[in-house]
Amino acid sequence: MTVNRASYTVPPTGSEAREGVVGVSSYTKVLVGTDGSPSSFLAVEKAATLARDTGATLLIASAYQPLSDRDQQRATQELGEAAYKV
């Protein structure tokens, strides 16, 4: 299994950034997982908003099972240029 992880500190925006206002929150890190599906992208957007609003660090995790060479070749044959999405 391969695990990808990214970490971002989301800066405040709008009036908070101009006024230097930092929200009071117990959140220091927000962790969200993604599998590349539309619903997981929505979860990442919500987590990013929460991290931005609280000044927390956003952690994005993604895990997947790499395809065997045989399955990758089969996907390329079946899907053509769209095979990179598999």
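Predicted model: local features only at pLDDT ≥ 70, side-chain atom pairs only at ≥ 80, totals over all residues.
Residues are numbered from 1 along each chain as its sequence is written, and side-chain values use heavy atoms, with hydrogens and water left out.

**View 1. Strands S2 and S3 run parallel and are joined by 5 bridges.** S2 covers residues 29–33 and S3 covers residues 57–64; helices (H or I, at least four residues) and strands (E, at least two) are DSSP runs, numbered from the N terminus. Two strands pair if DSSP finds at least two bridges between them. Look for Leu 31, whose bridge partner in S3 is Leu 59. From S2 the chain passes through H2 to S3, a right-handed β-α-β crossover (with the strands pointing away from the viewer, the path from the first strand over the helix to the second runs clockwise).

**View 2. Eight residues make up the largest nonpolar core.** Its members are Val 30, Val 32, Val 44, Ala 47, Ala 51, Ala 56, Leu 58 and Ile 60. S2, H2 and S3 each give two or more residues to this core, and H2 supplies the largest share, 3 residues. A nonpolar core is a set of buried Ala, Val, Leu, Ile, Met, Phe, Trp, Tyr and Cys residues joined through side-chain atoms within 4.5 Å; buried means under 20% relative accessible area, exposed over 50%, and partly exposed in between (1.4 Å probe, protein chains only). Beyond its neighbours within four places in sequence, Val 32 is in contact (heavy atoms within 4.5 Å) with residues including Ala 43, Val 44, Ala 47 and Leu 58.

**View 3. Arg 52 and Asp 53 form a salt bridge.** The structure holds 1 salt bridge, defined as a side-chain nitrogen of Lys or Arg within 4 Å of a carboxyl oxygen of Asp or Glu. Here the closest N and O atoms are 3.1 Å apart. Side chains of opposite charge can pair when their charged atoms come close. Arg 52 sits in helix H2 (residues 38–54) and is partly exposed because its relative accessible area is 27%; Asp 53, at 35%, is partly exposed too. Arg 52 lies 22 residues from Val 30 in sequence, with 9.9 Å between their C-alpha atoms.

**View 4. Helix H3 lies largely in the open.** H3 spans residues 69–79, and of its 11 residues the number buried is 1. Gly 80 follows H3, with a positive phi near 65°.
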